[in-house]
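Here is a briefing for a first look at this structure. Please keep the sequence and the 3D view open as you read.

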Amino acid sequence: MVKFFYPESLSEALDIKNSKKVLPLAGGTDLMVRYENWSSLPADFPSSVMTIGHLKELQFVTEEKGYLCIGGGVTLNQLLNDSRIPRSLALSLDEIAAPALRNLATLAGNIQNASPAADSLPPLIVANASLRLISKNGSRKMTVRDFVTGPGKTSLNENELIESVRIPLDFIRSEEKGHLIYRKVGTRKANALSKLSACFWVLKDRGVIKDIRMSLGAVAAVVVRLEESEEKLTGLKSGELLSAWKDVRGDYEKAVRPIDDQRSTAVYRKRTALKLMDAFIQEASED
Amino acid sequence: MKDGKIRFTLNGRDVVYEDSPLRRLLDVLREDLGETGVKEGCGEGECGACSILLNGKLVNSCMIAMGTIHEKELMTIEGLRETEQGKCIIDAFADAGAVQCGFCIPGMVMAAQSVLQDAPRPSEEEIRKGISGNLCRCTGYDQIVQAVQMASEKGAGLW
């Protein structure tokens, strides 16, 4: 029988997670829709559920050891009101659904849900963000990029919870010195799920590319970011970028493998993703 | 909630709920508590017809499991309309012609209240953003934006 757990503390939550198969529910905005039953009947969850959104231990945004740490229970709107988060992340969160949903949904939940179209993922992956996963037996760190392994699939162990999302402070500091583009492509401004989303960032020093990062959401099973291809563009002068891009573009043509679904066609997704990259490289090549 | 009872306040009065924690707040409001001003549109957080205030913040009640609202404060249109702020918004909607079929309007009024709580003198952009999660099929939004502006002017000092 499906049970509902309401732990009074994080340690109680970890005890429950350690001994039973329970689905953690914070904002519930993905889970309640996924397991919706006929109106008026309880939601039809496949396993027991444990609510964690109320736990005070998961409500924090702090700077610690070189990271901005965002607690697992922090909502998207709480983050939007926090000036310490990277601009790329703020731009993406601002276009997720609408204010009422952002008052419920959590950043950790958006990651754990592991949708290929999860809008927070491209900026978090550009920022090299990581997660602190906790269980009764301790904690471990993992990059967001390694955490999401496929549509709806993550590396979270049965007895673990996402304690926090950690964004390197040095990225946050250098982000504003670089050139940033975040673009969500959807049918309308509010409430539409993404056809695709893109987060691009380049940092230059006296006309030389010091750091260039490009990530694309909803164009493959997981976010596309090709570090090796980025390295081929690093160290170039702005004026050399366009011709180098001609060689590198093929890497992305191979990696961008979208699907057709109710929101968009694969052809549209692929063409738009590559055109957005072309436009970004064009901008990055100008001083 | 150790005893399995979910306690919360609804429009200022205490409520104890003992049924399934996995029912949607929307259903409980409408069916158990008679709050039929809360409407079900899409049932998946996209239309805003079921919007209420939870601890003062705008939320979609169709996406909320009863088990998550323990010890929280809820306000629906039935509660808001008894307040000076609610009356002001509702009068403004009527004066601006911002009501046609009325189905989306309870949620829209809740969104308007949320906008004015955050910014008593909101810009047009703030209003449009604040109501962006509420779909309306007949009014056309401009009158609704005007209504929020009128409420902000006439109700100056209320928020």
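**Where to start**

A:Arg249 is partly exposed, with 22% relative accessible area. Here buried means under 20% relative accessible area, exposed means over 50%, and partly exposed lies in between (1.4 Å probe, protein chains only). This is a predicted model, in which local features need pLDDT of at least 70, side-chain atom pairs count only at pLDDT 80 or more, and totals for chains, interfaces and linings use all residues. Residues are numbered from 1 along each chain as its sequence is written, chains are lettered from A and ligands numbered from 1 in the order in which they are written, and side-chain values use heavy atoms, with hydrogens and water left out.

**Salt bridges within chain A**

- A salt bridge is a side-chain nitrogen of Lys or Arg within 4 Å of a carboxyl oxygen of Asp or Glu. The search finds 31 of them over all chains.
- A:Arg249 and A:Asp278 form one of these, at 2.8 Å from N to O. A:Arg249 lies in helix α11 (residues 241–255) and A:Asp278 in helix α12 (residues 266–285) of chain A, so the bridge ties together parts 29 residues apart in sequence. Helices (H or I, at least four residues) and strands (E, at least two) are DSSP runs, numbered from the N terminus. A:Asp278 is partly exposed, at 22%.
- A:Asp15 and A:Lys136 meet in a salt bridge of 3.5 Å, N to O. A:Asp15 sits in helix α1 (residues 10–19) of chain A and A:Lys136 in the loop between β6 (130–135) and β7 (138–143), so this pair joins parts 121 residues apart in sequence. A:Asp15 is partly exposed at 35%, while A:Lys136 is exposed at 51%.
- A:Glu158 bridges to A:Lys17, with the closest N and O atoms 3.9 Å apart. The two are 141 residues apart: A:Glu158 is in the loop between β9 (153–154) and β10 (161–168) of chain A, and A:Lys17 is in helix α1 of chain A. A:Glu158 is partly exposed, at 43% relative accessibility. A:Lys17 is buried, at 4%.

**Where the chains meet**

- Contact means heavy atoms within 4.5 Å. By that rule, 30 residues of chain B touch 31 residues of chain A.
- Chain B and chain A bury about 2,600 Å² between them, 61% of it on carbon and sulfur atoms. Buried area is the accessible area (1.4 Å probe) that two parts lose on being put together, summed over both.
- The interface of chain B and chain A holds 2 salt bridges. A:Glu36 and B:Arg24 meet in a salt bridge at 3.1 Å, N to O. A:Glu36, B:Arg24, B:Asp27 and B:Glu40 are linked in a salt-bridge network.

**Aromatic rings**

- Rings of Phe, Tyr and Trp (its six-membered ring) pair if their centres lie within 6.5 Å; planes under 30 degrees apart count as stacked, over 60 as edge-to-face and the rest as tilted. The count is 4 aromatic pairs over all chains.
- A:Tyr35 and A:Phe45 make a tilted pair, 5.0 Å centre to centre with 45° between the planes. Both residues are buried.
- A:Trp245 and A:Tyr252 make a tilted pair, at 5.6 Å and 40°. A:Trp245 and A:Tyr252 are both buried.
- A charge sits over a ring if NZ of Lys or CZ of Arg is within 6 Å of the ring centre and within 35 degrees of the ring normal. A:Arg166 lies over the face of A:Tyr67, 5.9 Å from the ring centre. The charged end of A:Lys195 sits over the ring of A:Tyr268, 5.5 Å from its centre.

- A:Ala114 is not a glycine, yet its phi is positive, near 55°. A:Ala114 lies in the loop between α6 (107–113) and α7 (121–126) of chain A. A:Ala114 is buried, at 0% relative accessibility.
- B:Glu71 has a positive phi of about 65° and is not a glycine. B:Glu71 is placed in the loop between β4 (57–60) and β5 (73–75) of chain B. B:Glu71 is exposed, at 65% relative accessibility.
- B:Asp95 is in helix α3 (residues 84–95) of chain B. Leaving aside neighbours within four places in sequence, B:Asp95 contacts B:Met150 and B:Lys154.
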